[in-house]
Amino acid sequence: MTIEVKNIVKKFGSFAALDNVDLKVGKGELLALLGPSGSGKTTLLRIIAGLDWPDAGEVRIDGEDALGHGASERHVGFVFQHYALFRHMTVFENVAFGLRVQPRAVRKDEATIRARVKELLDLVQLDWLANRYPSQLSGGQRQRIALARALAIEPRILLLDEPFGALDAKVRKELRQWLRSLHNEIHVTSIFVTHDQEEALEVANRVVVMDKGRIEQIGSPGEVYDNPATAFVHGFIGESIVLPVEVTGGSVHLGGRPLNIAAEGAASGASKLFVRRHDMQIGPAGTGSLEGAVRHVRSFGPIQRAEIALTDGEGKTVIEIDAPRDRELQAGEIIGLQPRRYRIFAAQE
Amino acid sequence: MSTQTSFVTQATALPAYTSTTDLAISPPTREARGRARLAAASKDLRSEPGPIRFIIIALALSFLTIFVVLPLVVVFASAFSKGVSAYFAALSEPEALSAIKLTLLVAAISVSLNLVFGVIAAWAIAKFDFPGKTILITLIDLPFSVSPVISGLVFVLLFGAQGYWGAWLQAHNIHILFALPGIALATIFVTFPFVARSLIPLMQEQGTQEEEAAISLGASGLQTFFRVTLPNIKWGLLYGVLLCNARAMGEFGAVSVVSGHIRGETNTMPLLVEILYNEYQFVASFAIASLLAMLALITLVVKTILEQRLDEEQTPKDDSR
């Protein structure tokens with residue numbers, strides 16, 4: 001099933017939670033809405049589900065106008081951050097709920113419902129918990145039950161609101177991979193909301209980066225990471241070093257001193273230079289376009305993370321870089337730095 | 001108002017039905033009981049010297065004895081002072097039977113109406129945001145902050161012969177004041193906050209997520225209410241109903257103003273207790289009072305049981321573990 005969102009506007013008072021958002025989701029996609037809190041991603045998800053209503057715009061599910069229908073008529077599976085399992089029902093009854101509340105005319109008989117619930121509990125590998133109550137489950141188990149419950153109604157699309165947000169790091173990682181493989185198995189068009197870039201990049205086919213009620217970029221995980229469209233995306237995804245620079249006629253200046261890098265078509269004026277932490281090449285003092293004193297080094301795994309006070313400009317800028325451990329850095333050492341890959345964006349007011 | 005002043009002078013002698021009205025309004029919070037448990041566990045950390053501990057406990061106990069246990073004993077002792085047969089004879093007087101019947105009827109009417117109103121009000125306040133919400137919450141508490149006598153007087157001003165609608169009612173031969181409708185109205189007014197008050201914090205804590213989940217699974221509004229919302233609040237609701245009922249049966253002030261004290265017709269149990277007492281029929285008076293005292297005791301026991309259930313209902317079930 002496809003989802004189409006056109007010119008959605010949603011205001012809470014004078015605050016625009018969504019500001020003219022357009023989005024198309026193809027059949028069988030697993031899409032991530034990624035952004036900081038307050039970026040409007042959850043609001044967008046709730047509007048698609050019918051739990052919130054936009055002030056203007058259109059939502060089409062499979063070409064059909066969705067705004068004319070309430071949430072209960074949209075056949076949309078929704079998974080909540082805090083699971084929202086029915087606390088007074090067993091796991092079995094939770095999963096069966098969507099089947100039991102169907103209108104009498106289409107409701108399945110008890111045996112069919114039982115078989116279907118059993119099938120779903122097998123799918124989420126928790127059939128042995130059928131008679132427990134939600135309070136007796138771990139967070140990861142609860143979220144899998146919530147997913148089984150949402151799938152029971154054979155939803156046209158599946159929406160997940162920060163599905164792993166309330167779980168601890170290890171369970172979150174496991175569930176991520178599990179969701180990925182589950183999606184490969186059932187292929188229902190899915191959107192999940194997250195503020196965790198790693199989660200979005202690892203799980204989704206496509207990532208939609210949002211900020212302040214607007215979509216900043218839509219692309220594959222590789223695209224948004226390697227080819228960020230805006231300064232916000234570059235800063236939000238992956239760890240970046242940001243330096244305030246001045247672009248004048250094709251050359252780049254930091255604190256009045258020209259840097260030995262090309263402006264690559266950036267417009268003249270106050271700008272920001274973005275470099276990934278691991279894209280800063282280190283060399284002996286005097287080489288490279290920047291120079292700085294190593295203040296502090298921490299080594300873990302294959303990299304060393306160094307805090308470096310730049311000697312350029314006012315000398316107050318401190319950056320963090322990730323360098324391979326082939327050449328161990330020492331605190332106090334002066335080194336040269338050269339951005340291997342970088343992007344320049346106009347500084348926003 | 002003479003009945004009121006005479007009542008006040010006898011208030012200490014007739015504690016039974018007032019005690020039912022002194023119950024806590026909202027269920028004690030989990031934290032409060034948690035603190036109590038914590039205090040018990042860490043007793044040895046902050047233990048007082050023996051004598052001081054003894055004095056404090058003795059003080060508390062004697063206070064409790066003088067103000068709660070003794071009056072309760074007096075009620076039952078006086079009721080049975082002329083023997084068991086006199087007690088039951090007093091209770092089977094037509095006047096007593098009529099008062100019991102009226103009290104039960106009024107309680108049934110006011111509790112069932114307040115059940116519906118209370119659930120609706122709590123639902124509206126806890127699950128929706130709308131302008132004027134704070135005013136509504138304040139208004140719900142109004143009956144608690146107004147003297148019951150005033151609550152009764154309001155209905156006299158509205159429906160009395162000199163009241164706003166008095167003439168119209170008289171012309172159409174509708175009896176509200178000094179009849180069942182007036183007593184029921186006054187009782188409903190006085191007991192309105194109980195159900196709503198015991199539900200609002202519970203429903204606010206539970207939030208709207210389960211309802212949203214139910215709706216997204218295709219449930220209708222009614223299905224959501226009866227399958228999700230109601231089961232989640234059932235113990236809190238029973239708690240509110242219990243307190244509402246205790247107050248409805250024990251209410252004196254408001255009912256006294258609107259009742260008219262017509263013997264065998266508009267006297268509720270608390271009113272009859274006072275009338276009989278003023279007529280020196282002590283056994284009969286205390287026999288009725290003992291029924292109200294028993295209601296209070298039963299209410300206390302059920303309340304304790306419900307509080308345990310409520311504890312379970314309030315326990316947040318959606319934290320990650």
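Visitor: What makes a space a cavity?

Guide: A cavity is a set of points, on a 1 Å grid over the protein atoms alone, where a 1.4 Å probe fits but cannot get out. Its volume is the space filled by probe spheres set on the points, with grid points joined across faces, edges and corners. The structure holds 3 cavities of 30 Å³ or more. This is a predicted model: local features need pLDDT of at least 70, side-chain atom pairs count only at pLDDT 80 or more, and totals for chains, interfaces and linings use all residues. Residues are numbered from 1 along each chain as its sequence is written, chains are lettered from A and ligands numbered from 1 in the order in which they are written, and side-chain values use heavy atoms, with hydrogens and water left out.

Visitor: How much space lies in the largest cavity, and what lines it?

Guide: The largest cavity has about 50 Å³ of space. Lining residues have an atom within 4 Å of a point. Here they include Val79(A), Gln143(A), Arg144(A), Trp178(A) and Leu179(A). Helices H4 (139–152) and H5 (169–186) of chain A each give two or more residues to this lining. Helices are DSSP runs of H or I with at least four residues, strands are runs of E with at least two, and both are numbered from the N terminus.

Visitor: How do the residues of that lining divide by class?

Guide: Into 8 nonpolar, 1 polar and 1 charged. Ala, Val, Leu, Ile, Met, Phe, Trp, Tyr, Cys and Pro count as nonpolar, Asp, Glu, Lys and Arg as charged, and the others, Gly among them, as polar.

Visitor: What lines the second largest cavity?

Guide: Residues of chain B, including Thr103(B), Ile183(B), Met249(B) and Glu251(B). Helices H6 (94–127), H10 (180–206) and H12 (221–250) of chain B each give two or more residues. The volume of this second cavity is about 40 Å³. By class, its lining has 6 nonpolar, 3 polar and 1 charged residues.

Visitor: Why is Asn94(A) called buried?

Guide: Buried means under 20% relative accessible area, exposed over 50%, and partly exposed in between, using a 1.4 Å probe and protein chains only. Asn94(A) has 0%, so it is buried. This residue is found in helix H2 (91–100) of chain A.

Visitor: What makes the link between Asn94(A) and Arg149(A) a polar contact?

Guide: A polar contact is a pair of N or O atoms within 3.5 Å; within protein, one must be able to donate a hydrogen and the other to accept it, and residues adjacent in sequence count only if both atoms are side-chain atoms. The side chains of Asn94(A) and Arg149(A) are joined at 3.3 Å. Contact in general means heavy atoms within 4.5 Å. Beyond its neighbours within four places in sequence, Asn94(A) is in contact with Leu85(A), Phe86(A), Met89(A), Pro134(A) and Arg149(A).

Visitor: Why is H2(A) described as largely enclosed by the rest of the structure?

Guide: Because 9 of its 10 residues are buried. Among them are Phe92(A), Phe97(A) and Arg100(A). The cover includes H3 (110–123) and H4 of chain A, together with H11 (209–216) and H12 of chain B.

Visitor: How do you know that H11(B) is mostly covered?

Guide: In H11(B), 6 of the 8 residues are buried. They include Glu210(B), Glu211(B) and Glu212(B). Their cover includes helix H1 (41–49), strand E6 (76–79), H2 and H4 of chain A, with H6 and H12 of chain B. Just after H11(B), Gly218(B) takes a positive phi of about 100°.

Visitor: How many helices and strands are there in chain B?

Guide: Chain B has 15 helices and 0 strands. Of its 321 residues, 44% are buried.

How values were computed:
On a 1 Å grid over the protein atoms alone, a cavity is a set of points where a 1.4 Å probe fits but cannot get out, and a pocket is an open set with protein on both sides within 12 Å along at least five of seven lines; lining residues have an atom within 4 Å of a point.
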